[in-house]
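Work through these exercises with the structure in view. Try each task before you read its solution.

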Amino acid sequence: MMLACQRFVSVVRNSRTLSRHVTTWSPVGAAFNAQQRKVDLLQKNVGLFGVPALSTPAGFEVAQQRALRETEQLVETACNNPPGALTVETFDQLSDSLCKVADLADFVKVGHPDPAFRDAAEKACINIGTVVERLNTNVELCRSLKNLLDNKEVLDSLDPDTRRVAELFMFDFEISGIHLDESKRGKAVSLNVNLLDLNNEFLNGTHLPNRIEKTALPEHIRHCFSIDGNSIQIGGLHADSPDELVREAAYKIFLFPNSSLLLCLDDLLTCRNELAKLVGYESFAHRALNGTMAKTPETVMKFLELLTDKLSDRTAKDFNLMRDMKMNSRSTVLMPWDHSYFSSAVRAERYKIDPSLYSPYFSLGACMEGLNMLFSQLLGVSFRNEQPMAGEVWSEEVRKLAVVHETEGLLGYIYCDFFRRPDKPHQDCHFTIQGGRLKKDGEYQHPVVVLMLSLPPPTRSTPTLLNPGMMENLFHEMGHAMHSMLGRTRYQHVTGTRCSTDFAEVPSILMEFFATDYRVVNQFARHYQTGQPLPKSMVSRLCESKRICGAADTQLQVFYAALDQVYHGKPQNRSTTDILKQMQEKFYGLPYVPNTAWQLRFSHLIGYGAKYYSYLMSRAIASMVWRQCFQKDPFNRDMGERYRREMLAHGGSKEPMLMVQGMLQRSPTLEELVDALVADLDTDSVTCRDDSS
């Protein structure tokens with residue numbers, strides 16, 4: 001269905017007078033450039049996110065039972081009331097009651113350091129998911145909504161948002177097989193419940209390391225991996241290692257096929273296809289893409305093929321640059337384990353890009369101040385640091401930000417889980433904890449989100465320093481957070497990022513364009529020790545370097561997206577590895593390595609199944625929005641308000657392409673989307689220049 005902030009004092013040099021003086025960070029900068037003040041352990045434990053029941057893992061069972069009681073009452077209300085706006089409001093309350101548990105648990109099962117909390121949260125996810133699937137095949141509940149949608153007089157009385165949400169709830173029923181007879185509905189529920197287990201099994205498997213006997217590797221590279229007795233554990237590709245043998249060993253061992261996980265993936269894809277066919281779709285991809293900007297798998301493949309054709313010469317040129325760089329290696333054949341390393345090496349050699357030279361200018365506090373200034377100028381929104389209560393956060397390093405609008409007041413909360421710790425996933429992501437909605441009493445339920453990064457924590461003497469990639473990732477994830485804060489819809493079912501996947505990435509990718517514009521960077525990038533601004537030439541080199549090997553990097557994403565589409569299209573009657581070989585040859589260019597199964601590390605198959613193309617399509621839209629609306633002036637308040645009004649405010653309550661059309665004043669064609677991606681690789685970007693000079 002469904003505040004006390006510590007101050008970080010430094011001596012800086014004024015760039016105009018060259019006189020030395022003492023300054024302080026703003027409260028936001030201080031909160032992130034200093035170690036967090038410890039929570040008072042004598043305080044009452046308020047529970048995770050202020051939910052009293054979640055002061056212990058057992059609280060998840062309490063929260064589930066409360067949600068189930070509310071669900072029973074709301075189902076009865078929906079089924080017994082006459083059709084009208086109240087029907088939709090009741091459905092949304094039902095969705096909200098379940099999502100408050102499921103969304104929170106979805107984060108806790110991966111982000112909490114305590115295994116007991118993680119286990120309890122995972123059980124809650126499965127239990128709530130099972131309830132949702134049963135509700136989606138509840139005939140009486142569906143009938144209450146159908147009575148509304150079939151009543152023209154009632155339907156015409158609804159406002160557009162209410163009507164749209166009613167249609168989205170009906171869509172959830174339809175893709176779950178509500179139209180089927182009782183036995184087939186039961187089959188659909190069974191398939192969906194089975195998918196919950198398969199999703200968890202596959203996702204967990206994608207992150208598991210592989211082991212090999214220590215003697216199987218040359219002695220001089222063993223120290224590069226984790227040694228456990230007589231075996232070596234390899235949990236990643238080591239793609240940035242300068243030692244080719246390390247990269248090759250990691251690639252072949254980490255991607256060595258796991259027979260049980262291969263079977264799990266087969267079962268997962270078969271189950272998805274069976275479900276899609278059962279409820280009336282040609283394939284799972286057709287089911288998944290209904291309601292997106294792309295709408296059909298045929299459109300997605302056309303987009304990917306057009307892009308491949310446009311990139312082919314540029315991609316070949318990029319691979320040749322990498323081959324030239326590899327000429328002095330023990331092997332001159334360019335292999336998949338070389339791509340990341342040599343694309344970075346080419347950039348570094350040509351533009352003298354050393355990430356360590358940038359990091360002192362990108363302290364975490366400075367970057368947060370930069371985001372704060374940008375959002376204030378563009379959207380009238382600012383951050384306010386708040387001290388968490390005892391038990392409210394899962395790690396003492398988590399920061400809590402209130403997001404405040406200059407006239408509208410509090411918009412919501414962002415919990416910033418930015419620092420590395422044992423057992424924390426090494427991934428950057430945004431989690432919705434609570435969606436925004438208008439409550440019956442007229443008050444607005446404020447959205448709550450978590451941003452999770454994997455940054456080194458600050459020390460007593462040094463703040464956290466970000467390299468350029470980390471800084472861009474921070475801006476990217478904050479784009480998701482602001483979408484959640486400003487997508488203030490009436491209904492939580494469509495709040496913030498609860499929208500089409502191929503639109504949801506637009507606000508986050510757009511923030512990457514701001515992150516590489518010198519006019520924006522110049523507002524905050526200061527050396528944490530001297531206060532000197534980041535030289536403009538360094539920003540220009542960084543921007544120019546991104547285009548080097550950019551076509552090959554983009555083509556790799558095209559390969560992943562095409563593989564995802566074929567996996568979720570019509571059954572191929574061949575192994576997932578055979579499909580991988582074919583797609584790699586057609587859409588990538590570097591050879592398949594025998595006895596490897598990269599698809600078993602493709603964690604995006606869960607969550608982004610048949611939708612991995614979304615990153616590319618969203619990037620194309622974001623590029624067009626940047627060039628047309630913000631490239632001339634990244635701080636233009638009128639354009640910022642238009643961006644909020646046309647793209648952020650609606651969440652999922654409006655067709656995604658209509659939001660794009662509202663911002664661009666037209667609907668882009670596939671060819672224009674492809675051209676936008678190519679233009680980012682080909683042209684001297686104005687984002688690297690300061691137009692005032």
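**Exercise 1.** Is the crossing of H15 and H16 left-handed or right-handed?

*Solution.* The crossing of H15 and H16 is right-handed. Right-handed means that the near helix is turned clockwise from the far one, by less than a right angle. This is a predicted model: local features need pLDDT of at least 70, side-chain atom pairs pLDDT 80 or more, while totals for chains, interfaces and linings use all residues. Residues are numbered from 1 along each chain, and side-chain values use heavy atoms, without hydrogens and water.

**Exercise 2.** At what angle do H15 and H16 pack?

*Solution.* Helix H15 covers residues 364–379 and helix H16 residues 468–486. They pack at about 40°, with axes 11 Å apart. That makes H15 oblique to H16. (Under 35 degrees is roughly parallel, over 145 roughly antiparallel, 65 to 115 roughly perpendicular, and the rest oblique.)

Now look at the contact (heavy atoms within 4.5 Å). H15 contributes residues including Leu364, Cys367 and Phe375. Among those from H16 are Met471, Phe475 and Leu486. By class, this contact has 13 nonpolar, no polar and no charged residues.

**Exercise 3.** Which strands stand at the edges of the sheet?

*Solution.* Start with the order: S6-S7-S8-S12-S9, an open sheet of five strands with mixed pairing. (Strands pair if DSSP finds at least two bridges between them.) S6 (381–386) and S9 (429–434) stand at the edges. Each has a single partner strand, so one side of each is left without a neighbour in the sheet.

Next, follow S6 to its partner. Six bridges join S6 to S7 (residues 399–405), and the two run antiparallel. Val381 has His405 in S7 as its bridge partner.

Technical notes: Axes fitted to C-alpha atoms, helices over the stretch in contact; angles between N-to-C directions. Helix = DSSP H or I, 4+ residues; strand = E, 2+ residues; numbered from the N terminus. Nonpolar A, V, L, I, M, F, W, Y, C, P; charged D, E, K, R; others polar.
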